[in-house]
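Me: I'm new to this and would like to learn how to read a structure. Could you walk me through some features?

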Amino acid sequence: MTAEQMPFPTEFTLSSRTGSIVVTTTEQGLPRALSVDRNRLQDDPELLAGEILRLCRQSAMRAGVERRAALRAAGLSPELLALTGLPTVDEVTKQEYEAEQDYENEPDSWLRPI
């Protein structure tokens, strides 16, 4: 089967670094399935929702990279690929690195003991 004959996936799965959250999304990052480890349900709901949203966004970006690769394999010229607005591997890598840094550096609370 050639690259042109292979169907493009309709769902993309991504998990958190610890594997405690797993999301399955559409190519656009819309969640279709979600698995959350029971221990994570005790976390602050805003932090948990933020991590789920971050994973959905990452899934959409990675799907965009796969779509770009499929279009390139199908023979789309670099000029037309640039017009699609689909992310490159470098863009996704940079975005994921920045998101991880922002996510890991956020305090759990702005409150501190006096």
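Me: Is Lys94 buried or exposed?

Reply: This is a predicted model. Lys94 counts as exposed because its relative accessibility is 54%, and the cut-off for exposed is over 50%. Glu98 has a relative accessible area of 40%, so this residue is partly exposed.

Me: How do the side chains of Glu98 and Lys94 meet?

Reply: Here is the general idea: side chains of opposite charge can pair when their charged atoms come close. In this case, Glu98 and Lys94 form a salt bridge at 3.9 Å, N to O. They sit 4 residues apart in helix H3, which means about one helical turn separates them.

Me: Which distant parts of the chain does the pair of Arg62 and Glu96 link?

Reply: Their side chains meet in a salt bridge of 2.7 Å, N to O. The pair links helix H1, where Arg62 lies, with helix H3, where Glu96 lies, and the two residues are 34 apart. Arg62 is partly exposed at 37%, whereas Glu96 is buried at 14%.

Me: How many salt bridges does a search of the whole structure find?

Reply: The search finds 7. One of them joins Arg40 and Glu51 at 2.7 Å, N to O, and both residues are buried.

Me: Which residues make up the largest nonpolar core?

Reply: In soluble globular proteins, nonpolar side chains tend to be buried together. The largest nonpolar core here has 7 residues: Leu14, Ile21, Val23, Leu48, Ile52, Leu55 and Cys56. Helix H1 gives the most, with 4 residues. Leaving out residues up to four places away in sequence, Leu55 touches several others, including Leu14, Ile21 and Val23.

Key. Residues numbered from 1 in each chain as written. Predicted model: local features only at pLDDT ≥ 70, side-chain atom pairs only at ≥ 80, totals over all residues. Heavy atoms only, no water. Core = buried A, V, L, I, M, F, W, Y, C linked by side-chain atoms within 4.5 Å. Buried < 20%, exposed > 50% of the residue type's maximum accessible area, 1.4 Å probe, protein only. Contact = heavy atoms within 4.5 Å. Salt bridge = Lys/Arg side-chain N within 4 Å of Asp/Glu carboxyl O.
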